[in-house]
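Here is a short walk through one protein model.

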Amino acid sequence: MQILVDLHLVVFGLLSALAAICIAIHFALKAGSALAWLAATLACVGMETLVLRYGAQSDLGIAAMSLLVPLAYLCAGNAIRQSLKLEIANGRQLRIFAGLIGLSLLMIPAGAPIFYQCIPFQLAGVYIFYEAIRIQMRQRDRSLIDNALLLLCICSMIGVAIRAPMFPLLLGEPTPIQVMNVGIFESIFIDALSLLTASLAILLVAKIVANVIALHKHQAEHDDLTGLLNRRMFDEVAKQVEGRTGSVIMCDIDRFKGVNDAYGHQVGDDVIRTFASIFTRYGEYAGRLGGEEFALLLVDTPQEEAALIAEAIRVKFHQFRHPAIGEQAAFSASFGVASFGAGKNVTTAFQQADQALYCAKKKGRNQVCRDETNPSARAALEKAA
């Protein structure tokens with residue numbers, strides 16, 4: 001018996017240490033509510049082990065178990081959902097969950113056998129994990145950690161279902177389905193509880209850390225206001241496509257400083273975001289180079305097609321109206337287009353697109369100019385003339 005007492009206390013100490021680690025990581029990484037749900041899970045499981053050791057035979061202890069066991073599963077499920085950026089348990093699920101727990105609690109003063117008192121709150125745990133599994137199964141492009149969390153949820157749900165008829169043994173009560181003695185079952189239960197809880201904590205911390213790393217990587221590579229590639233990352237992408245053919249579109253929002261001066265930076269930011277949202281519809285590699293300057297890298301796209309894309313962007317942006325300004329004011333942007341490949345590198349194409357952009361500005365803005373040093377573009381212009 002002494003070994004079992006030590007086992008309970010060891011598990012409680014382990015869970016307390018894991019909870020402290022979660023809190024430390026939460027404050028260090030500012031990782032959000034997933035760690036809060038995980039800490040709550042560990043607290044519930046830790047209290048569960050103490051109740052099993054010191055108060056399982058009383059009505060109060062049974063009531064505590066009826067609350068702690070399903071709450072641990074609810075918190076664990078929500079921790080997994082939050083770490084995967086999925087919605088937590090909704091109102092309907094919580095009502096069903098609470099109803100099953102309430103049924104277990106009502107059976108205690110009614111004097112129902114322990115076996116029947118335990119079934120509803122354990123079904124609540126099975127139900128909440130089933131919902132967590134169902135929403136994870138809909139997730140696409142799961143990572144290795146995501147799949148491990150899904151497998152852990154499935155194992156936990158199966159484990160709860162298997163132990164349900166044996167659970168009264170932990171409370172010192174008989175059960176009509178007894179395939180092993182109480183000592184063996186308690187040892188297996190504690191070991192399984194420790195393994196599942198520790199695995200959950202490790203996987204969730206790994207997922208949260210991975211999310212934080214991915215967030216910092218995204219912030220280092222993308223513009224905060226628009227979500228487009230920043231100048232450094234755009235230059236990196238340009239290096240990666242060197243040796244291929246394609247086109248570059250450089251553009252600049254016309255008279256943007258006047259928008260900020262007349263209507264404020266909030267309106268200016270709205271205009272920038274609107275332009276960026278239009279821009280991203282036409283190519284994967286879209287970047288904000290600074291202020292109101294943007295660039296679009298189009299791989300395997302000839303200059304003529306790129307000019308048509310630039311014209312489509314120009315028209316859509318010119319049709320945009322901001323509610324703070326009204327219908328009387330139309331925005332415009334100027335564009336320069338150049339191609340790369342066939343002996344011309346991407347850097348040269350950028351320079352020529354920038355010169356074409358300057359040409360569009362000089363001609364009166366709100367138009368698209370192409371690099372006329374490109375032989376095919378010059379021939380097309382001569383034919384049109």
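The side chain of glutamine 136 reaches the backbone nitrogen of leucine 150 at 3.5 Å. This is a predicted model. Glutamine 136 sits in helix α5, residues 114-137. It is buried, because its relative accessible area is 1%, and buried means under 20%. Beyond its neighbours within four places in sequence, glutamine 136 contacts several residues, among them Ile80, Leu84, Arg142, Asp146 and Cys153.

Now look at the rings. The model holds 11 aromatic pairs. One of them joins tyrosine 73 and phenylalanine 129 edge-to-face, 5.2 Å centre to centre, with 75° between the planes. This pair links distant parts of the chain. Tyrosine 73 lies in helix α3 (residues 59-83) and phenylalanine 129 in helix α5, 56 residues apart. Both tyrosine 73 and phenylalanine 129 are buried.

Phenylalanine 275 and phenylalanine 294 have ring centres 4.8 Å apart and planes at 50°, so this pair is tilted. Phenylalanine 275 is in helix α10 (residues 265-279) and phenylalanine 294 in strand β3, so the pair ties together parts 19 residues apart in sequence. Both phenylalanine 275 and phenylalanine 294 are buried. They also belong to one aromatic cluster with Phe279, Phe317, Phe320, Phe331 and Phe335.

Notes. Residues numbered from 1 in each chain as written. Predicted model: local features only at pLDDT ≥ 70, side-chain atom pairs only at ≥ 80, totals over all residues. Heavy atoms only, no water. Helix = DSSP H or I, 4+ residues; strand = E, 2+ residues; numbered from the N terminus. Buried < 20%, exposed > 50% of the residue type's maximum accessible area, 1.4 Å probe, protein only. Polar contact = N/O pair within 3.5 Å; in protein donor to acceptor, adjacent residues only side chain to side chain. Contact = heavy atoms within 4.5 Å. Phe/Tyr/Trp six-rings, centres within 6.5 Å; stacked < 30°, edge-to-face > 60°.
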